[in-house]
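Dear colleague,

I am passing on the structure we spoke of, with a few notes on what came out of it. Please read the notes with the structure open beside them.

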Amino acid sequence: MHPGLFHNSWDRTLKHLDLPDHHPHALRHKWATVPLSNGVPIHEVSRWMGHSSIKITVDRYGHLALDGSERCRQVIEATFGVHMLSGFPAPRVPGAELVPA
């Protein structure tokens with residue numbers, strides 16, 4: 001394959017479609033960014049990206065993944081939020097006072 005064939009074709013296509021000048025790798029980065037920013041587990045994105053190790057994904061995109069406590073809060077709120085907001089007191093859970101808020 002001719003060394004510049006892909007990039008020349010890419011550049012011509014962007015110009016023909018009147019699209020902003022982006023490197024092809026920017027599309028891959030965007031593809032990883034959107035699911036991670038919306039709660040898809042990082043190990044799934046790593047697998048889809050074809051990374052040989054999750055460490056590669058974490059090093060590059062880890063800051064975009066929701067941390068475990070935030071994701072847990074979202075799940076609990078989505079599941080029990082209606083009941084929690086209904087005016088009824090939360091049920092007493094033995095030992096709950098030992099867990100920092």
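**The nonpolar core and its surroundings**

In this predicted model, the largest nonpolar core is made up of 6 residues, namely Ala-32, Leu-36, Ile-42, Val-45, Met-49 and Tyr-61. Helix H2 (24-37) and helix H3 (42-49) each contribute at least two residues to this core, and the largest share of the core, 3 residues, is drawn from H3.

Ile-42 is one of these core residues, and, when residues up to four places away in sequence are not counted, Ile-42 touches Leu-36, Ile-54, Thr-57, Val-58, Tyr-61, Gly-62 and Ala-65.

Thr-57 belongs to helix H4 (residues 54-61). With a relative accessible area of 0%, Thr-57 counts as buried, because buried means under 20% relative accessible area. Apart from neighbours within four places in sequence, Thr-57 has contacts with Ile-42, Ser-46, His-51 and Gly-62.

As for the chain as a whole, there are 5 helices and 0 strands, so that the order of elements from the N terminus on reads α-α-α-α-α. Among the contacts in the chain with a separation of 6 or more, 27% are between residues 24 or more positions apart.

With best regards

Note on methods: Residues numbered from 1 in each chain as written. Predicted model: local features only at pLDDT ≥ 70, side-chain atom pairs only at ≥ 80, totals over all residues. Heavy atoms only, no water. Helix = DSSP H or I, 4+ residues; strand = E, 2+ residues; numbered from the N terminus. Contact = heavy atoms within 4.5 Å. Buried < 20%, exposed > 50% of the residue type's maximum accessible area, 1.4 Å probe, protein only. Core = buried A, V, L, I, M, F, W, Y, C linked by side-chain atoms within 4.5 Å.
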